[in-house]
Amino acid sequence: MSPHHFEQVDDLGRILFSDDPALRLEGILMGLDPAQTRRMPTALFEFRHALGVGYFGYVVPEGASLDGIPEEPQIEGAILFGMRRLPPEVSDLRWIPGWELHAIPDEQPKLERCYGYTYSRLELRTPDGDIYSRTWVPHDPEWAAAALRHGRVVCLCGVELGIRAPYAMTDAQHTPRMRHESFRRGCAMGLTIGGLVAYIDHQ
């Protein structure tokens, strides 16, 4: 994505399903039918700008223990609006009232001509309607259809969700196992929030 596109969004993003090996969240959606929710559409928002975050991800302060990790204002602010901090061992994902994920179709057709696919802008909005985070993701018809069918998606936000690859590593080298380790590390540091939010499609 060009620098111009990055100027229009807040965070790095990815869409996938809850049973993706980078997440391994299948079967833990509390109070829901596992047969219907095993492959819940999931949206990741990895903060580009946050305390301790550099170009290649979060850097733990030298000598700090997990108990000594500084609070991240974006995380703490979202919790005040009802978001839930995910524990190191994620055992359930709950409904987060009032939050909405808005999917807005790409308004720049030249992307399709250049790259062979279109982007969608995802906006995660707080209960008072403000935009909490925005990102661009390649449009995935299967993901969008599942989100429409369920009417809700799993949204995860934080400083370590496995989107950034380590320095000098290609996407192909950045394996699902490595991405899962990053996701779990973010949870262990208390720097990941998430849950089920309403899905609004603007197609």
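Visitor: In which loop is D19 found?

Guide: D19 is found in the loop between strand 1 and helix 2, where helices (H or I, at least four residues) and strands (E, at least two) are DSSP runs numbered from the N terminus. This is a predicted model, in which local features need pLDDT of at least 70 and side-chain atom pairs count only at pLDDT 80 or more, while totals for chains, interfaces and linings use all residues. Residues are numbered from 1 along each chain as its sequence is written, and side-chain values use heavy atoms, with hydrogens and water left out.

Visitor: Why is D19 called buried?

Guide: Buried means under 20% relative accessible area, exposed means over 50%, and partly exposed lies in between (1.4 Å probe, protein chains only). D19 has a relative accessible area of 19%, so D19 counts as buried.

Visitor: What makes the pairing of D19 with R39 a polar contact?

Guide: The term asks for a pair of N or O atoms within 3.5 Å; within protein, one must be able to donate a hydrogen and the other to accept it, and residues adjacent in sequence count only if both atoms are side-chain atoms. The side chains of D19 and R39 make such a contact at 3.3 Å. In the wider sense of contact (heavy atoms within 4.5 Å), D19 touches E26, R38 and R39, with residues up to four places away in sequence not counted.

Visitor: Why is R24 called partly exposed, and what is noted about its phi?

Guide: R24 has a relative accessible area of 44%, and is therefore partly exposed. Its place is in the loop between strand 1 and helix 2, and its phi is positive, about 60°, although R24 is not a glycine. Most residues other than glycine have a negative phi.

Visitor: Why does D10 count as partly exposed, while S133 counts as buried?

Guide: D10 has 26% relative accessibility and so counts as partly exposed, whereas S133 is buried because its relative accessible area is 0%. D10 lies in the loop between helix 1 (3-7) and strand 1 (11-17), and S133 has its place in strand 7. Leaving aside neighbours up to four places away in sequence, D10 touches R48, I131, S133 and R134. The C-alpha atoms of D10 and I131, 121 residues apart along the chain, are separated by 9.8 Å. S133 also has a polar contact of 2.5 Å, side chain to side chain, with D11.

Visitor: How do you know that the buried residues of helix 5 line one face?

Guide: The buried residues are W143, A144, A146 and A147. Seen down the helix axis they fall within an arc of 160°, so they line one face of helix 5; the arc is that of the directions from the helix axis to the C-beta atoms. On the other side, P141, L148 and R149 are exposed. The buried residues pack against strand 1, strand 2 (41-47), strand 5 (95-105), strand 8 (152-158) and strand 9. At the start of helix 5, a side-chain oxygen of D140 reaches to within 2.9 Å of the backbone nitrogen of E142.

Visitor: What makes you place the buried residues of helix 3 on the same side?

Guide: Those residues of helix 3 (residues 73-80) are I75, E76 and A78. They cover an arc of only 160° around the axis, which puts them on the same side of helix 3. On the other side, P73 and L80 are exposed. E72 caps the N-terminal end of helix 3, with a side-chain oxygen 2.7 Å from the backbone nitrogen of Q74, and just after the helix G82 takes a positive phi of about 105°.

Visitor: How many cavities of 30 Å³ or more does a search of the whole structure find?

Guide: The search finds one. On a 1 Å grid over the protein atoms alone, a cavity is a set of points where a 1.4 Å probe fits but cannot get out, and lining residues have an atom within 4 Å of a point. Grid points are joined across faces, edges and corners, and a volume is the space filled by probe spheres set on the points. About 80 Å³ of space lies in the largest cavity. Of its 13 lining residues, the closest to its centre are S120, H139, W143, A144 and Y199.

Conventions. On a 1 Å grid over the protein atoms alone, a cavity is a set of points where a 1.4 Å probe fits but cannot get out, and a pocket is an open set with protein on both sides within 12 Å along at least five of seven lines; lining residues have an atom within 4 Å of a point.
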